[in-house]
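Q: I have just opened this one. Can you walk me through it?

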Amino acid sequence: MKAFSKSKILRIYVDENIKAGNELLYRAVIKKWLSMKLKGATVYKAVEGFGSSAHIRDAAILEISENLPVVIETIDSSAQTAKALKAVESILPAHCLVTLQDVKTLYRNHQK
């Protein structure tokens with residue numbers, strides 16, 4: 001088995017309906033990171049949560065399209081995650097939460 005590498009995980013917590021210009025913020029972030037050739041990125045939509053508003057939002061059947069929390073995430077080298085954050089920092093809302101954490105990764109790339 002290959003050895004684990006040191007990496008960073010960058011997470012941005014926002015509401016799903018926040019926009020950057022005419023585009024949803026999470027889509028703008030993902031597109032930017034794709035253009036930077038990061039190893040990957042994912043957007044997770046929450047089932048339930050609350051933030052600084054102290055208002056619980058949940059995905060009840062009739063409210064499925066309501067504004068729910070999302071997490072935009074990428075895992076890459078320390079240098080790449082720093083560049084990724086810098087590239088999108090100007091479009092992030094003042095009330096979002098950004099975390100950066102050390103992780104150990106084992107990349108499995110089957111492309112030749």
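Q: What am I looking at?
A: This is a predicted model, in which local features need pLDDT of at least 70 and side-chain atom pairs count only at pLDDT 80 or more, while totals for chains, interfaces and linings use all residues. Residues are numbered from 1 along each chain as its sequence is written, and side-chain values use heavy atoms, with hydrogens and water left out.

Q: OK, how many helices and strands are there in the protein?
A: The protein has 2 helices and 8 strands. Helices (H or I, at least four residues) and strands (E, at least two) are DSSP runs, numbered from the N terminus. Along the sequence the pattern reads β-β-β-α-β-β-β-β-α-β.

Q: In what order do the strands of the open sheet come?
A: The order is 4-7-1-8, with antiparallel pairing; two strands pair if DSSP finds at least two bridges between them. Strand 4 (41–45) and strand 8 are the edges, each pairing on one side only.

Q: Over how many bridges do strand 1 and strand 7 pair?
A: They pair over 8 bridges, in the antiparallel sense. Leu10 is opposite Thr74 of strand 7.

Q: Switching to helix 2. Which strands does it lie across?
A: Helix 2 lies across strand 1, strand 7 and strand 8, at about 20 degrees to strand 1. Axes are lines fitted to C-alpha atoms, for helices over the stretch in contact, and angles run from 0 to 180 degrees between N-to-C directions.

Q: Which residues in helix 2 are buried?
A: Gln80, Thr81, Ala84 and Val88. Seen down the axis of helix 2, its buried residues fall within an arc of 95 degrees, so they line one face of the helix. The arc is that of the directions from the helix axis to the C-beta atoms. Buried means under 20% relative accessible area, exposed over 50%, partly exposed in between (1.4 Å probe, protein chains only).

Q: Why does Gln80 count as buried?
A: Because its relative accessible area is 18%. Leaving aside neighbours within four places in sequence, Gln80 is in contact (heavy atoms within 4.5 Å) with Met36, Lys37 and Leu38.

Q: And Thr105, buried or exposed?
A: Thr105 is buried, at 10% relative accessibility. Thr105 lies in strand 8.

Q: Which side chain does Thr105 join in a polar contact?
A: That of Ser7, at 2.8 Å. A polar contact is a pair of N or O atoms within 3.5 Å; within protein, one must be able to donate a hydrogen and the other to accept it, and residues adjacent in sequence count only if both atoms are side-chain atoms.
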